[in-house]
Amino acid sequence: MSSSTGIVEGEEKMTTQVQEAPTTGAQVVAAHAEPAQPAQQIESPGGVRSVGIIAAVALLAAIAYGLHLRSASEKRLAGATDEAAILTVDVVHPKAGSQAGDLALPGNVEAFTDTPIYSRTNGYLKDWYFDIGSHVHKGDLLAEIETPEVDQQLDQSRAELERMQANADLAGVTSDRWQALLAKHAVSQQEADQTRSNYIAAQAAVDASRANVRRLEQLQSYERIIAPFDGVVTARNTDVGDLIEAGSGSNNPRELFHLAAIHSLRVYVAVPEVDSDSIHDGDRATLTQDSNPDMKIFGTIVRNADAIDHSTRTLNVEVDVDNTKGLLRPGAYVFVHFDLPAIGNSVTIPSNTLLFRAEGLRVGVVRDGRVQLVPVTIGQDFGNAVEITSGLTATDVVILDPSDSLVSGMEVHAHPTTLRGQS
């Protein structure tokens, strides 16, 4: 029998002995204490084996759990690596329609009539009457010039005219007398013709002298600088006592005044060739200024160059504006807005979505999580946005700021915050 059976039998014998012999309390305690020694002796090899098995099982479980955690961590790392390898891109939806309906182009404002005023006679400036910013009317006296030399020449010419006239009168009387003598055959025909010729020459000299007088009188009239039209004085480049030389040539190109008519203004706009067919004389245009963006001024297309400038590939268009209220000034920089017909099925996308490739213009579109490089056609360029006339629809998802390494078929993640669409 096993040792465990012997231990049980020993315990039964000890119990019987305790029941048969009446003992004192001390003896009872002693009797119960005696089996403690056999209990310490029951730590057998079988118990140790059980503890070892349990420890081994626990160790194996810990190792298995550790391997499981490591495998799971490696799988998560591999997944994160694969996820990081997929490019994340920002995207937008194209905006349906086009901004081409409102073509805004820079324009230069010029006075309807803009004239530098020079002197036509020599002298000294006696006085001036209008300064810059003064509004004048046609015929107003702007300044006066003292011309003593011209005055003396005019007096001399008038005196010469009187002498010539006296000579002509005498030649006329002589001719008449010789014609009367010719009728009586008192003189020859040759002598009568000679006196007649002298009279005709004297008359021609009178006419020449009279023309010279008129020339000097006209030159003297230029002592008064007169406004040639209604306008505003934009420059005054002279003062009292200045030496004035006639003409606007290379000797003295300095102008005395500069006069501009501002009641009506001309605005010149360079329209790109692609839009030139949409510009027609008589159409309306709207002008705006950065200095006052809320103000709108209306004008009319009155004419165009009817030719494309070979250097800029633009059409020069003139827009006339009524400026009786003085809202615009000559030389101002404005934007001219033309209403152009919209192109059907066109969309507008930001300019930073375009890819310039050797095969042509492309746009990156995300479809089913992958990139497709789509060929597109540009209609209008608005600076920060472009009009696309073919290749895209409003439902496409277009990549913003595409990298040069982007190729068709590449898997990408579209940024979720931009999928709502923007332009």
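Guide: Partly exposed describes a residue between buried (under 20% relative accessible area) and exposed (over 50%), using a 1.4 Å probe and protein chains only. This is a predicted model, in which local features need pLDDT of at least 70, side-chain atom pairs count only at pLDDT 80 or more, and totals for chains, interfaces and linings use all residues. Residues are numbered from 1 along each chain as its sequence is written, and side-chain values use heavy atoms, leaving out hydrogens and water.

A salt bridge here is a side-chain nitrogen of Lys or Arg within 4 Å of a carboxyl oxygen of Asp or Glu. By this rule there are 9 salt bridges. Helices (H or I, at least four residues) and strands (E, at least two) are DSSP runs, numbered from the N terminus.

One of the pairs is E160 with R163, at 2.3 Å from N to O. Both belong to helix α5 (residues 148-183), and because they are 3 residues apart, about one helical turn separates them. E160 is partly exposed at 31%, and R163 is partly exposed at 41%. Salt bridges with shared partners also join R266, R303 and E318 into one network.

D131 and R236 form a salt bridge at 2.9 Å, N to O. This pair links distant parts of the chain, 105 residues apart: D131 is in the loop between β5 (123-128) and β6 (135-136), and R236 is in strand β9 (residues 231-236). D131 is partly exposed at 29% relative accessibility, as is R236 at 22%.
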